[in-house]
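Dear colleague,

Here is the structure I said I would pass on. My notes on it follow below.

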Amino acid sequence: MEMYNIVVLIVLFVAGCGLIYYVLRNVGNKKVVNAVIPDIDKIREVLHAKVEFFNKLKQGQQEDFIQRVSYFLHTTKISPEKGAVITDEHRILIAASATIPLFHFNTWSYENLDEVLVYPGTFDERYGTEDADRNILGMVGDGAMHRKMIISLQALMGGFSQHANSNTAIHEFVHLIDKADGDVDGVPEYLIPKELIKPWIEEMHATISAIRRDRSDIRDYAATNPAEFLAVVSEYFFQKPQMLKSDHPELYELLDEIYAGKKTIKEPI
């Protein structure tokens with residue numbers, strides 16, 4: 001039994017060294033805040049069972065995705081609030097939501113996020129969960145909640161249910177990406193190549209106008225403002241890419257270029 005324990009410790013040490021090397025070479029410099037996270041087999045199991053984006057990747061890409069999920073779990077607090085009860089599956093799905101939008105970029109790290117707060121259900125603008133009119137499913141915090149994100153457990157699981165058309169967790173991480181350049185304006189300058197900014201803005205405003213005139217099948221919330229437009233259509237892009245490509249080919253092509261990882265991120269997000 002003692003020899004077995006020694007072997008286990010050696011395996012964990014080697015795995016930890018591998019992750020540290022991967023992080024230093026490819027990701028960012030965020031501090032480890034969670035020394036113990038779900039093991040690789042558990043992460044792989046949840047991703048295979050729940051994340052369609054992961055299942056469409058080639059094997060080598062899947063291993064890369066798993067390492068990025070592990071990095072997020074090591075460097076970001078995920079805390080239950082307001083009576084929520086969370087499991088390793090929930091933590092892995094949050095990390096997967098963070099990984100999906102930035103997967104095709106060689107260097108990435110949510111430097112503007114320290115903690116994800118998980119609420120059991122909807123909440124209001126004051127973060128309350130008792131108001132009968134509460135309807136918020138996710139939020140990127142400001143002020144006292146700076147560097148924090150709130151996500152409804154109900155919305156998280158709904159986004160990864162079979163045939164889901166939307167994904168609140170991905171939506172909120174896209175807001176964080178948009179926010180990284182200082183302006184939450186629907187133009188993610190950390191991702192978008194310079195030559196795409198003008199065509200993206202033109203397509204964005206044309207589509208928002210069509211939504212407001214009830215001439216688009218994209219849900220109305222996307223027309224709230226450019227930031228919400230980016231987040232909503234990004235959900236479509238990652239959840240139902242073929243449908244978006246068929247119904248909105250110009251929008252699909254622009255998003256495909258934005259999220260393709262062709263622009264090098266000089267500083268971690």
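Counting contacts (heavy atoms within 4.5 Å) between residues at least 6 apart in sequence, 67% join residues at least 24 apart. Please note that this is a predicted model: local features need pLDDT of at least 70, side-chain atom pairs count only at pLDDT 80 or more, and totals for chains, interfaces and linings use all residues. Residues are numbered from 1 along each chain as its sequence is written, and side-chain values use heavy atoms, with hydrogens and water left out.

The chain has 11 helices and 4 strands, taken as DSSP runs numbered from the N terminus (helices H or I, at least four residues; strands E, at least two). Of its 269 residues, 48% count as buried; buried means under 20% relative accessible area, exposed over 50%, and partly exposed in between (1.4 Å probe, protein chains only).

Helix α4 covers residues 59-75. Its 17 residues reach 25 Å from first C-alpha to last, close to the 24 Å expected, where the expected span is 1.5 Å times one less than the number of residues. Its buried residues include Phe 65, Ile 66, Val 69, Phe 72 and Leu 73, and also Arg 68.

Two backbone angles may be of interest. Most residues other than glycine have a negative phi. Arg 147, however, has a positive phi of about 70° and sits in the loop between β3 (138-140) and β4 (148-152). Its relative accessibility is 28%, so Arg 147 counts as partly exposed. His 163 also has a positive phi, near 70°, and lies in the loop between α6 (153-159) and α7 (168-179). His 163 counts as exposed because its relative accessibility is 60%.

Regards
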